[in-house]
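Biologist: I have a new model open and would like to learn how to read it feature by feature. Could you walk me through it?

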Amino acid sequence: MRHSVLTRLLLVPVFMLCSVQLLSAQKFDRGMGLREASVFMPKGHIMFGGTVSYQDYKFYDYKFLILDNMKLNAYSLKATPYVYYTFAKNMAVGVRFSYERFLAKVDRVDISLSDDLTFGIDDYYNLQHTYFGSVSYRYYIPLGKSRVFGLFSDISLNFGAGQGKVISGSGQNMTGTYQSILDIGIDVIPGLVVFITNEMSVEASVGILGLEWKRISQTTNQVYEGSYETSSANFKLNLLSISIGVNFVMPLIKDKKKS
């Protein structure tokens with residue numbers, strides 16, 4: 001009986017080793033390696049272009065959960081010009097510059113927590129604008145052997161600084177807060193690119209992963225000073241962050257290997 005148990009214990013690692021070797025022998029190659037992929041963006045090309053995204057919100061006497069009589073207008077704008085250089089087949093590095101602007105005007109919002117507890121917000125104004133500089137790496141994946149349709153993944157390290165102001169109330173009850181903003185983060189942005197001609201392409205991208213650290217220093221009524229910090233990590237598909245861009249591509253050097 002003891003010999004039988006010992007034999008089974010010895011056969012377990014042998015069986016696991018044989019299984020690993022069998023799986024490695026049957027490994028399926030999807031052809032997505034750096035060498036196997038078809039050429040979509042040749043080496044030695046420069047690409048310049050930009051993306052723009054805009055969102056607008058307008059509420060008139062709108063009610064949602066505990067919010068009632070919402071009257072507000074808001075919008076956000078983001079414009080990003082960039083330049084990339086393909087240092088190898090389907091791989092590029094570049095720099096990006098972004099401008100983000102957010103504006104919200106609240107005429108009236110009532111917050112009803114219960115029948116006896118209701119309060120409102122009147123005459124609220126919030127404006128922020130931030131400038132970003134980014135260093136990016138981009139990798140292209142052609143769809144099959146197509147040289148017209150392809151996917152890409154963009155990884156960017158962002159450094160941003162900006163200003164903002166918040167004004168609430170009116171008349172003698174008005175208060176004003178001025179803000180200084182410092183923003184650092186990492187973004188992973190996949191997208192789809194389509195070439196219209198040999199030198200021009202159109203792309204659509206959406207953010208799915210982001211790491212961000214932000215510090216805001218503020219002064220209220222030119223007297224009271226304070227600051228706060230926020231950090232966040234998210235992994236989700238945000239359909240509201242879709243950006244559309246146009247790119248122009250031109251060769252700088254001739255690749256003899258056509259890689």
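**Strands, cores and surface**

Modeller: Gladly. Let's start with strand pairing: strand β5 (residues 149–168) and β6 pair in the antiparallel sense, over 20 bridges. Please keep in mind that this is a predicted model.

Biologist: Which residue in β6 is the bridge partner of Gly 160?

Modeller: Gly 160 has Asp 183 as its bridge partner there. The two strands, β5 and β6, form a hairpin with 6 residues between them, and Gly 169 in that turn has a positive phi of about 80°.

Biologist: How many bridges join β6 and β8?

Modeller: β6 and β8 are joined by 12 bridges, in the antiparallel sense. Within that pairing, Gln 218 in β8 stands opposite Gln 179. β6 also pairs with strand β7 (residues 200–205), again antiparallel, over 5 bridges. There, Ser 201 in β7 is opposite Phe 195, and the hairpin of β6 and β7 has 4 residues between its strands.

Biologist: Let me try a single residue. Is Ile 216 buried or exposed?

Modeller: Ile 216 counts as buried because its relative accessible area is 3%, under the 20% cut-off. This residue sits in strand β8 (residues 209–220). Leaving out residues up to four places away in sequence, Ile 216 touches Gln 179, Ser 180, Ile 181, Gly 226, Ser 227 and Tyr 228. For a view across the sequence, take Gln 163: Ile 216 is 53 residues from it in sequence, yet their C-alpha atoms are 9.0 Å apart.

Biologist: What should I expect of nonpolar side chains in general?

Modeller: In soluble globular proteins, they tend to be buried together. Here, the largest nonpolar core has 11 residues, among them Phe 40, Met 41, Tyr 140, Phe 195 and Val 249. Two elements, β2 (67–88) and β6 (175–195), each supply at least two residues of this core. There is also a second, separate core of 7 residues, including Leu 72, Ala 74, Ala 104 and Val 106.

Biologist: Which residues does Met 41 contact, beyond its neighbours in sequence?

Modeller: Setting aside neighbours within four places, Met 41 is in contact with Thr 86, Ala 88, Lys 89, Asn 90, Tyr 140, Phe 195 and Val 249. Asn 90 deserves a look of its own: this residue lies in the loop between β2 and β3, and has a positive phi of about 65° although it is not a glycine. With a relative accessibility of 1%, Asn 90 counts as buried.

Biologist: Why does Phe 248 count as partly exposed?

Modeller: Phe 248, which lies in strand β10, counts as partly exposed because its relative accessibility is 37%, and that class runs between the 20% and 50% cut-offs. For the chain as a whole, buried residues make up 29% of the 259 residues. The accessible surface comes to about 17400 Å², and 63% of that belongs to carbon and sulfur atoms.

Note on methods:
Residues are numbered from 1 along each chain as its sequence is written. This is a predicted model: local features need pLDDT of at least 70, side-chain atom pairs count only at pLDDT 80 or more; totals for chains, interfaces and linings use all residues. Side-chain values use heavy atoms; hydrogens and water are left out. Buried means under 20% relative accessible area, exposed over 50%, partly exposed in between (1.4 Å probe, protein chains only). Accessible areas come from the Shrake-Rupley method with a 1.4 Å probe; for residues, only the protein chains shown count as cover. A nonpolar core is a set of buried Ala, Val, Leu, Ile, Met, Phe, Trp, Tyr and Cys residues joined through side-chain atoms within 4.5 Å. Contact means heavy atoms within 4.5 Å. Two strands pair if DSSP finds at least two bridges between them.
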